[in-house]
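Please open the model in a viewer and keep the selection tool ready. The stops of this tour are given in order along the chain.

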Amino acid sequence: MLTFLKWLGITILVIAVAIGVFLFGMRFHDGPLAIVSGGPFTSGELTEPPADWSFLEGRDEMEFQTMSPATSRVVWLVVHDERLYLISGYMTTGFGKIWKQWPHYMEQDNRVILRIDGKLYEQQLVRMMDHPELAEILTKFGNKYGFNAPGDPTEMVRSGYAWFYEVQDRS
């Protein structure tokens, strides 16, 4: 029994070290891998941002990089009236407080770089607590990603559970 526990402990330690090395190494990787944050973008062509983001209709995810710290991640998106919107949910949950750090980075420096089909777009994320069409946009998010909540969808934003952003040109 003692030998089994010894090998179990060694196995758990090896797995934990391997995960730690992987996560540390991702900080230097060119972009994220699925839900694992990556390092700053090192590939892509800097391009003028479009006035109309409709070409992203139907796309589920895209990559973006924060500037401080220079890390990248994958995020959900919705296009509404040719404008691009992002959302970060679970912000009031214990899981979200650990996993969702990028929205807090936006409070200090809201500049981002979007990477879409190998093109880089320098933009900024503007947090929206209210928007004339907030309910409609949140309903689009819910329909697209399957998280429709009963009642007023804007309550997710007002309560702080979801942080809602519009992608805008840098000023």
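This is a predicted model: local features need pLDDT of at least 70, side-chain atom pairs count only at pLDDT 80 or more; totals for chains, interfaces and linings use all residues.

Residues are numbered from 1 along each chain as its sequence is written, and side-chain values use heavy atoms, with hydrogens and water left out.

Select Met1, Phe4, Leu5, Leu8 and Ile12, which form a nonpolar patch on the surface with about 560 Å² of accessible area together. Such a patch joins nonpolar side chains (Val, Leu, Ile, Met, Phe, Trp, Tyr) within 5 Å, from residues with over 30% relative accessible area and no salt bridge; a salt bridge is a side-chain nitrogen of Lys or Arg within 4 Å of a carboxyl oxygen of Asp or Glu. Areas follow the Shrake-Rupley method with a 1.4 Å probe.

Ile12 counts as exposed because its relative accessibility is 53%, where exposed means over 50%, buried under 20%, and partly exposed in between.

Next, select Ser68 and Pro69, whose peptide bond is cis, with omega near 0°. Pro69 lies in the loop between β2 (61–66) and β3 (72–80). Most peptide bonds are trans, and most residues other than glycine have a negative phi.

Proceed to Tyr90, in the loop between β4 (83–88) and α2 (94–99). The phi of Tyr90 is positive, near 65°.

Finally, select Asp117, in the loop between β5 (111–116) and β6 (119–127). The phi of Asp117 is positive, near 50°, and Asp117 is exposed, at 59% relative accessible area.

Methods:
Patches are made of residues with over 30% relative accessible area and no salt bridge: like charges are joined within 9 Å, nonpolar side chains (Val, Leu, Ile, Met, Phe, Trp, Tyr) within 5 Å. Buried means under 20% relative accessible area, exposed over 50%, partly exposed in between (1.4 Å probe, protein chains only). Helices (H or I, at least four residues) and strands (E, at least two) are DSSP runs, numbered from the N terminus.
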